[in-house]
Amino acid sequence: MVMWCLALMISAGLHWWGLQRPEALQPSWSLALLLVFSPAAVLAAWLLVTSPQDAAGETRESEESDQETH
């Protein structure tokens, strides 16, 4: 719920800013590259940090889960 409220506030703020400044936004190349590649870099870092836990044999499934018996 907090994320939805934060997204709504950011969206409303950007809408208001767009009404105040109708000219096109001209970001620098460094900012554009940061916005394009930072989500992928954060996801890759997260996967690299959590992968040693998976390699050590830890699982995210509960051992008490209902399993189908034959």
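I began at Thr50, whose side chain reaches the backbone oxygen of Leu47 at 3.4 Å. I count a polar contact as a pair of N or O atoms within 3.5 Å; within protein, one must be able to donate a hydrogen and the other to accept it, and residues adjacent in sequence count only if both atoms are side-chain atoms. The side chain of Thr50 also reaches the backbone oxygen of Trp46, at 3.0 Å.

A note on what I am looking at: this is a predicted model, where local features need pLDDT of at least 70, side-chain atom pairs count only at pLDDT 80 or more, and totals for chains, interfaces and linings use all residues. Residues are numbered from 1 along each chain as its sequence is written, and side-chain values use heavy atoms, with hydrogens and water left out.

Next I asked where Thr50 sits, and found it in helix H2. Helices here are DSSP runs (H or I, at least four residues; strands are E, at least two), numbered from the N terminus. The chain has 2 helices and 0 strands.

Is Thr50 buried or exposed? Thr50 counts as buried because its relative accessibility is 15%; the cut-offs are under 20% for buried, over 50% for exposed and partly exposed in between (1.4 Å probe, protein chains only). Buried residues make up 1% of the 70 residues in the chain.

Then I moved to Ser28, in the loop between H1 and helix H2 (29–55). Ser28 is partly exposed, at 39% relative accessible area. Its side chain makes a 3.1 Å polar contact with the side chain of Ser30, and the Ser28 side chain also reaches the backbone nitrogen of Leu31 at 3.3 Å.

Last, I looked up Ile10, which lies in helix H1 (residues 2–20). With a relative accessible area of 47%, Ile10 is partly exposed.
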